Amino acid sequence: MRTHRISAALALTAAIVLTASACGGGGSGGGSNSSPKTLTYWASNQGSSLENDKQVLEPELKKFEAQTGIKVNLEVIPWSDLLNRILAATASGQGPDVLNIGNTWSASLQATGALLPFDQATFDKIGGKDRFLESAIASAGAKGKDPAAVPLYSMAYGLYYNKKLFQAAGIANPPATWEELVEDGKKLTSGDKYGIAIEGGNVSENVHNVFTLGMQHGTGFFDASGKPAFDSPEAVAAVKQYVDFIANDKIAAPGNAEYAANQSVTDFATGKAAMLMWQSAGANLKSHGMNPDDYGVVPVPAPAGATGDKATTSMVAGINMAVFKNTKNLDGALNFVKFMTSDEEQKTLNGTYGSLPSVKAAQSDAAFATPELQTLAGVLQKSAAPLPQVPTESQFETLIGTAVKNLLASAAAGKPVTEATVKDELSKAQQQMPAS
Amino acid sequence: MSEKVIDRQTVGKEAAPKGAAPARRRLRDKFGRSALPYLLLLPALLAELLIHLVPMVTGIVMAFKQLTQFFIRDWGSAPWSGFDNFKVALEFNAPVGKALLHSFWVTCGFTVLSVGLSWLIGVTASIFTQDAFRGRGLLRAAFMLPYALPVFAAVITWSFMFQRDTGLINHVLHDQLHLTSDKPFWLIGDNSFWALLTVSVWKSWPFAFLTLTAGLQNIPRELYEAAALDGAGVWQQIRRITLPSLRPVNLVLVLVLFLWTFNDFNTPFVLFGKSAPQAADLISIHIYQSSFITWNFGQGSAMSVLLLLFLLLVTAVYLFATNRRRGEAE
């Protein structure tokens, strides 16, 4: 009886603990053409809901079917699941044929070997490498390697500002330097209204913003040999500058520190905050009832007189399209990539989603001539830098994003934020990077 | 008890055919009879093997491999790393080990408080609802509500309530009751521990309540009547009759609650998302971060194996200690 209960408890315990880490066995086969009539496509969530994405994409997939006779099975996957799904697909070898990836994951996923490399011959099949924007191609894999994906939708960060609130505070022009931004922010902050809204609980937003600030201070968070340099003086200065919005400048509401469900966009749209740094927020603001005439978009501030990397005002944001190496319909998959990156589809899809085309020829279309998109297109061409394209990029995103989140949390709780506390947090993040 | 009964039955049956049938038939009979239960168990056993044992063994094997993003596509090619993953996890002066140890202590404190409070509330509520009164059924049903709700829906509601600026908790504490000078954060920073504890207790005490209510039904009424005649007050009745009678139920209940709470993943994950605040960094979330987010599955598995060993140890000690004490009592 006793041994029985013990062994039952052992089994229960063991089962609970280890089911979490269990996955299937991996396959190592390459692509083939054994199932040429169907494709599975994992799309990322670009629209206002998963349902909305289906409505946007289905008609286009029908067009593709009419042209080629290939039926595309669409699955729209929320961002919170996408990376885990891709990892599971990689580990099991059971994945889609074509999939969307966040472009910052490119190098990390490239390192797993799960994605089809786009070499010269592959690029030729989809219409050539030259059709794509250089900055977008640069964020599709590690430098010196064949890209693991091709850019599909492009986005960039801009500084959105509320024209009415600026006018009411007597500010004539949007800020062009950080000093101006902080100064304006202070003028705009009173009562429960704040100068700027940030998404402090969102790890990705944090890392995107401190990356831009890092570039301006002269660090990409990795040294020339690809080793992490998270706690360099430049990185500390960059992170502190961001955290100071809450800690010292007090131009962002302390409550921002726990925002992780796009509350900052809501705050901006409802006039609770006068500025917002966001990528392609137009469609999102519209859904909150904000009129495009009520806000302006300018590049994110940079240090006065900065040039080159120090004039970076945004990461190269965007979505890439990749082909799973294990696909059973290689030709069909490439055909589909060609279709989705054609000038025609690029105009339609980016026009609907409020993002920018990744192919040069589609950029000049009238749909992208709004002031917002023209500003963002300018940023993408002139002052956007890709996040570090290194295999450990996804670890970097998580660790630095979390470190900034922790710092913002302690700033919001009224604890002092100094260079020492920032450096301490960043050192901790760096120590958790895998040694290699 | 039950073992003895079974023994007596088999003895009786074996005694009957003795001498009557040839020895070979008796052997086959005996074999056929004893094999049948095992045959019936076989499907369950296979399923158990497939669902529990295989992933477990896989997980243990993974712990000895350097299974990073470079190798997940083809596990076989991942190099063996011996005890390296364990060494990293157990080196408490280095960052990874230190963080794991911190997470371990947080989890221990959290589990003790959560199980203790759940049990206390459960036992109180079950004793109060023991005697019949108008609306008792309704109240019992209401108590069971948290247990019946889907975890995700319940916890996401809590996360809305805990929001600093728009949440219900701060509205009541700060705006209505003026208990705090400033609106506190619940989902980030040090308070997150208490937020997590609140949700966890809310979620698990109905189970304690249910189990203990069932246990109470087995206590004979006469015991209380006799005690009342002897002049025992309510408090004495609870201490001398109710609690000792509930002991067998409590033994199992506390163990199960302990295992569930210690391993709880859903609550912190839904409440805080992928990166839990330091103060509420439960071990299951920590392991998830170490494997899924940093893509180091070998490391995550090693931590899981360590957790498994710890829980096995606790369970074994617990069962050993409680069984021995019961033996002494008898």
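Two strands count as paired when DSSP finds at least two bridges between them. Keep that in mind as we walk through this predicted model, beginning with a sheet in chain A.

The sheet is an open one of six strands, and reading across it gives the order E2-E1-E3-E10-E4-E11 (chain A), with mixed pairing. At its edges lie strand E2 (71-77) and strand E11 (356-357) of chain A, each of which pairs on one side only. Strands of a sheet pair through backbone hydrogen bonds, either parallel or antiparallel. For an antiparallel example, look at strand E4 (residues 150-155) of chain A, which is joined to E11(A) over two bridges.

Now step back to chain A as a whole. The chain is divided into domain 1 (38-155 + 316-385) and domain 2 (157-314 + 389-431). Their C-alpha centres lie 27 Å apart. Where the two domains of chain A meet, 24 residues of domain 1 are in contact with 22 residues of domain 2. On the domain 1 side of chain A, helix H4 (106-112), helix H16 (371-382) and strand E12 (384-385) each supply at least two residues. Of the elements on that side, H16(A) gives the most, with five residues. By kind, the residues on the side of domain 1 of chain A that touches domain 2 divide into 12 nonpolar, 10 polar and two charged.

Is A:Ser106 buried or exposed? A:Ser106 counts as buried, because it has 26 C-beta neighbours inside 10 Å and the cut-off for a buried residue is 20 or more. Leaving aside neighbours within four places in sequence, the contacts of A:Ser106 include A:Ile101, A:Ser139, A:Asn320 and A:Gln389. The chain also brings A:Leu387 to 10 Å from A:Ser106, C-alpha to C-alpha, although the two are 281 residues apart in sequence.

Next comes the nonpolar interior. In soluble globular proteins, nonpolar side chains tend to be buried together. The largest nonpolar core here has 172 residues, and among those with the most contacts inside it are A:Tyr160, A:Ile196, A:Val239 and A:Ile400. Helix H17 (residues 393-412) of chain A gives the most to this core, with 10 residues. To see one of its members at work in the packing, follow A:Tyr160, which touches A:Phe268, A:Met275, A:Leu276, A:Trp278, A:Ala281, A:Tyr295 and A:Val297, not counting residues up to four places away in sequence. There is also a second, separate core of 11 residues, which includes B:Trp119, B:Ala208, B:Leu246 and B:Leu253.

That takes us to chain B. How many helices and strands does chain B have? The count is 13 helices and zero strands. Of the 330 residues of chain B, 33% count as buried. Among the contacts in chain B between residues at least 6 apart in sequence, 64% join residues at least 24 apart.

Key: Residues are numbered from 1 along each chain as its sequence is written. Chains are lettered from A and ligands numbered from 1 in the order in which they are written. This is a predicted model: local features need pLDDT of at least 70, side-chain atom pairs count only at pLDDT 80 or more; totals for chains, interfaces and linings use all residues. Domain bounds come from an automatic or database domain assignment. Two residues are in contact if their C-beta atoms, placed from the backbone, lie within 7 Å. Helices (H or I, at least four residues) and strands (E, at least two) are DSSP runs, numbered from the N terminus. Ala, Val, Leu, Ile, Met, Phe, Trp, Tyr, Cys and Pro count as nonpolar, Asp, Glu, Lys and Arg as charged, and the others, Gly among them, as polar. A residue is buried if 20 or more other C-beta atoms lie within 10 Å of its own, exposed if 12 or fewer, and partly exposed in between; C-beta atoms are placed from the backbone. A nonpolar core is a set of buried Ala, Val, Leu, Ile, Met, Phe, Trp, Tyr and Cys residues joined through C-beta atoms within 7 Å.
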